[in-house]
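I opened the model today to look up a few things and write them down. These are my notes, in the order I made them.

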Amino acid sequence: MKVISVLNQKGGCSKTTTAVNLSYALAKNNYPTLVIDFDPQAHTTFSLGISSTKGIYEVAENFLAQKNIQWEEYIVKRDENLSVLPASIGLTSMEHKLAEREDKLFILYKILNSFPLPYQYCIVDCPPNLGLLSLNALVGANFLIIPFTVCDLSLQGVIILNQIIDMMRKNFPIHHDIFYLLTQYNRCLLYTSPSPRD
């Protein structure tokens, strides 16, 4: 299974829109796809019309407690080839629980690699920060998609994220193929009407 994490510490740069549309495109092209909403705001869960109160938080809780995971209780089948692990309110406390563990950056990686999940792709939508949830998604991914908009704050977020990735690569045996995705781009804005003359 190929894991693609969509992340940028800057909010409002279309991470959720990218994750939802990419997952739908893969599913429509007959690739069994799992979407993990790893953002406590649960925007991907909402965008996909899912109201489940259980999801990735409960999966992580069971994994940390070394309990068997009954995947069918948490994964919601959205379409023929599209399934979702929703975000739930408990996800807000997950970073505190991970902080005390030595393997705090590898929990998502271990979850995804400890079970034979029947998907070709897994898309992870991340929160708009570089906390432990986003870092878990970074470590657990084969590919990174970094959406950004044409503004100073979004570009600054990319710069900081690249620094974090470089630091992680120096300290851990991880490697990603990274793709930068320019979003909310309107060519028409490049052409301005001449100022009226008196």
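The entries below go from the whole chain to single residues.

**Entry 1: ground rules**

I am working with a predicted model, in which local features need pLDDT of at least 70 and side-chain atom pairs count only at pLDDT 80 or more, while totals for chains, interfaces and linings use all residues. Residues are numbered from 1 along each chain as its sequence is written, and side-chain values use heavy atoms, with hydrogens and water left out.

**Entry 2: the whole chain**

I looked up the secondary structure and found 7 helices and 7 strands in the chain. Helices (H or I, at least four residues) and strands (E, at least two) are DSSP runs, numbered from the N terminus. Along the sequence I read the pattern β-α-β-α-α-β-β-α-α-β-α-β-α-β.

For overall size, I noted that the C-alpha trace spans about 75 × 40 × 30 Å along its principal axes.

Next I checked burial: 48% of the 198 residues count as buried. Buried means under 20% relative accessible area, exposed means over 50%, and partly exposed lies in between (1.4 Å probe, protein chains only). The chain exposes about 10,800 Å², and carbon and sulfur atoms supply 53% of this area. Accessible areas come from the Shrake-Rupley method with a 1.4 Å probe; for residues, only the protein chains shown count as cover.

I also looked at contacts, meaning heavy atoms within 4.5 Å. Among those between residues at least 6 apart in sequence, 80% join residues at least 24 apart.

**Entry 3: salt bridges**

How many salt bridges does a search of the whole structure find? I got 4. The term means a side-chain nitrogen of Lys or Arg within 4 Å of a carboxyl oxygen of Asp or Glu.

One of them joins the side chains of glutamate 61 and lysine 97, at 3.0 Å from N to O. This pair links distant parts of the chain, with glutamate 61 in helix α3 (residues 56-64) and lysine 97 in helix α4 (residues 94-99), 36 residues apart. Glutamate 61 is partly exposed at 27% relative accessible area, and lysine 97 is partly exposed at 34%.

Then I turned to aspartate 103. Its side chain meets that of arginine 101 in a salt bridge of 2.9 Å, N to O. Aspartate 103 also forms a salt bridge with lysine 110, where the closest N and O atoms are 2.9 Å apart. I therefore wrote down Arg101, Asp103 and Lys110 as a network of salt bridges. Aspartate 103 counts as buried at 14% relative accessibility. Arginine 101 is partly exposed at 29%, and lysine 110 is partly exposed at 31%.

**Entry 4: cysteines**

A disulfide is a covalent bond between the sulfur atoms of two cysteines. The cut-off used here is a pair of cysteine sulfur atoms within 2.5 Å. I found 0 disulfides in the structure. Cysteine 122 is in none, and the nearest cysteine sulfur, that of cysteine 126, is 10 Å away. Cysteine 126 is likewise in no disulfide, with the sulfur of cysteine 122 as its nearest, at 10 Å. Cysteine 122 is buried at 0% relative accessible area, and cysteine 126 is buried at 1%.

Where is cysteine 13? I located it in the loop between β1 (2-6) and α1 (15-28). Cysteine 13 counts as buried, at 1% relative accessibility. Leaving aside neighbours within four places in sequence, cysteine 13 is in contact with Asn8, Pro147, Phe148, Thr149, Ser154, Thr183 and Gln184. Cysteine 13 and proline 128 are 115 residues apart in sequence and 9.2 Å apart in space, C-alpha to C-alpha.

**Entry 5: asparagine 136**

Is asparagine 136 buried or exposed? I have it as buried, with a relative accessible area of 0%. Asparagine 136 sits in helix α6 (residues 132-139). Its side chain reaches the backbone oxygen of leucine 132 at 2.9 Å. Leaving aside neighbours within four places in sequence, I listed the contacts of asparagine 136 as Phe38, Leu98, Lys104, Leu105, Phe106, Ile107 and Leu108.

Technical notes. A polar contact is a pair of N or O atoms within 3.5 Å; within protein, one must be able to donate a hydrogen and the other to accept it, and residues adjacent in sequence count only if both atoms are side-chain atoms.
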